[in-house]
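Q: Can you take me through this one? I'd like the conventions as we go.
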Amino acid sequence: MEKNHMETIAYFDASHDMPEEVIAAAGFAPYKILGDVRASNDPADRYLPAFFCPAARSIMTEALARSGQWAGIVVAQGCNATNRHYDVWKRHVPTPFLHWFNTPLKDDDAAVRFMKSELWRLMDAIQRHFDVLVTGEMLARANQESNRLKERLRVFAGLRAEKDMTNREYLSVMIKSMTLPKAEAIREIDAAIDTISNRGPFPGDKVKVLLTGSDVTYPELMDQIDEAGFRVVRDDLSLGERYFANRISESGDPVECLARYYLSIPKPATKVGLRQRLAYLEGALAQSGIKAVISQNLKFCEPYAYDAVLVNNALKSRGYRVLHVEREYTAAPDNPLATRLAAFAEMG
Amino acid sequence: MNAEQPTPPAMDPNAPVRVETLPHAGDLRWPMTWYFLTGKLYSLLPWKKTAWTCAGFPIELLLGLDIFPLHPENMATVAAAQKQSRRLIEHAESMGYSRDLCSYCKTNIGAVDTGAPLKHGGIARPDIITCTNTICDTHWKWFQIQAEKLDVPLFVFDCPKIVSGTDDRTIEGYITYMVEQFFDFFDFVKKHTGKKPDIDRMIKAAEQSERLSALWREIYEYRKHVPSPYGMAETSASFFPLVVMPGVRSGIRFFEKILGDIKQRADQGKGTLTGRERYRLMFEGIPFWYRMRFMYDLARYGAVVVYEPYTFSFAPSKPVNLGYMETLRQVARTMMDVPYSYNLEKRIAYFKQAISDYRIDGVILHENLSCRPSSTGMIDLKNALQQECDIPVLIIQCDMNDPRAFSEAQINTRIEGFVELMERRKTHSPSVGLD
Ligand code: SF4
Ligand code: SF4
């Protein structure tokens, strides 16, 4: 249980799709379900095809084991895992409150209106089920707190290129940001900023890379990248820059601000906007002077597998070195991955 | 259960099997020829416009805009039937596309990249590309890739997901969002092709399309007869006009003719396996296009697929005689809620109804390695049907367009076990499920 004994509403999303601010405004701690790479997926595999992405199966496994500790669950639309698995969760994951949040695929005006209506529907469902009130003011405060957290994360993430910060340390703070109550997460980020600021400079034997592709949810993968001599100093992951790159506007209707924020974040492969996704990557590379890209695809993760060929070819054609790997979902050393990373390192 | 009461057929795998085809089955060549020639003409004439589109997209909208629909998915099935899909899929994989991606998509990517001819699944570059996410992520991801590669403007319809338990009020809100996108789509089409919606043309296309769908639904009514006068061995080919050319006269003429044949056959008490129909099956999923003989293999056991949600999905009731806005709302409603992508609760209820209406003895579920969305929920579907309908349900893992996934020996063994279970049930032994 969280330290301040706030009740938790857990959520399953395929990217940074879930408006946590609504949960926080209602007085609950939002908790992003990430699954556990060290636990077997057997419980979820009783209900889901084994050729579905293992991250989503792990997320369901965690929900099956832990839903009793949560006040409720929200599933936010992202890819075919979220919308098709929802029905299976509804049958098998015991929870007093299960809500479907239908995020739009695009970011045009119609999509903004639709996102707003879904936000209202979510707020209404939470208010009615938990008998709580969520006012515009409460939501505005939650948006401000979310901005504070994102601001601290930007400072923290900026240290990656300056200081000796491991890939694991970066991901660990990102995970805390999405699983702890927000005030507690901010304290953790500030402590991490203090620690890293006192570290030595970026190590001379490491190569700076940008990491893209499927979301990375466990630190062991980040360790492997480190061990091969690469430091991730930019990325476009949901447990990464996508989560903090933009801020929520604090002027005007907080629901509208939230809708616009979620539709303006760096594009994941689960949303229409391949060119915008590519533009973000190119911008990050240009700003940071990084020359190498690691593109990784979790086995059976279709959205990123579809994008990979075009995105990687485009980056290569602009002179970047790109390694593309399809990876397993495992905490154990992934030997084929290690070999590919070593070969990439040797290429200089 | 069966009127004819045939005895279990001999399981001689080499015994010749005769499946009665309809006298007018061959007339399918006329609408097909019309479709391919017209498509070619539209692709050649600069003032005519074409669009790539996908399953789940309302073709009538395109016809109302005087835009000819080209179907990459359909052409992928052509490639498979012509034994070309494996080569094209492997070509796409050599370009970097993962082995785990949908084989329709990879067939199309391979066909475009190698410049495959029409008869091998090739397809012309369109003026615009339009698709939806209603059935799967693949549709829009695939079309986005190809739009970039071919430098063709893309429009994606975002269909909200009607998950289990979604209430009517929420669905009405989703429909409003869809209708807004129709108007955005019209603007997009005008910008990129100069075409504007012609309401009369659209209404006429919708009426003709409903006529075609109604004929198909009537054909399905006859499939309830015992013995069934029409099986999946034939519907998998003959439903072609529903997919690519609803609203076109030559498809209607073809359906009228085969319906006439079916009626006659039913009146005479004949079926596709006259005197040998012993097991009536339901098949969920896309057939194995490279191995249509599978349906004839079933016939050896006296098994006929009499209902398949896949081909039925293409014949929903279409709106006619509604006002313009109500028509659009109805089109939106249909787009979001096709049997092929029903949520689990609706899917189970739908299957139970079909099992009862069509007097089904067993269900085969194709767990399709290419198609994660349709394969999800199959375990619950299977358990529910076994428990609530007390019939054998078999899950076969395979792929609709990639022959590398088809393991003949394994599938035969499983089908044999499945037939044994159906037989035991017929002779009043309790049924047991297959994993
Ligand atoms: S890893 Fe890929 S397939 Fe799995 S939930 Fe995330 S986006 Fe969807
Ligand atoms: S087979 Fe499945 S994943 Fe592929 S295009 Fe069809 S519905 Fe989509």
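A: Two strands pair if DSSP finds at least two bridges between them, and helices (H or I, at least four residues) and strands (E, at least two) are DSSP runs numbered from the N terminus. This is a predicted model, where local features need pLDDT of at least 70, side-chain atom pairs count only at pLDDT 80 or more, and totals for chains, interfaces and linings use all residues. Residues are numbered from 1 along each chain as its sequence is written, chains are lettered from A and ligands numbered from 1 in the order written, and side-chain values use heavy atoms, without hydrogens and water.

Q: How many bridges join strand 5 to strand 6 of chain B?
A: Four, with strand 5 (residues 279–284) running parallel to strand 6. B:Y279 stands opposite B:A303 in strand 6.

Q: What sheet order do they belong to in chain B?
A: 6-5-7-8, an open sheet of four strands with parallel pairing. Strand 6 (303–307) and strand 8 (393–398) of chain B are the edges, each pairing on one side only.

Q: New topic: what surrounds ligand 2?
A: The shell (residues with a heavy atom within 4 Å) includes B:E73, B:C102, B:H139 and B:M400. It divides into seven nonpolar, three polar and one charged. Ala, Val, Leu, Ile, Met, Phe, Trp, Tyr, Cys and Pro count as nonpolar, Asp, Glu, Lys and Arg as charged, and the others, Gly among them, as polar.

Q: Which helix lies across strand 5, strand 6 and strand 7 of chain B?
A: Helix 15 (residues 344–357) of chain B. Contact there means heavy atoms within 4.5 Å.

Definitions and conventions. Axes fitted to C-alpha atoms, helices over the stretch in contact; angles between N-to-C directions.
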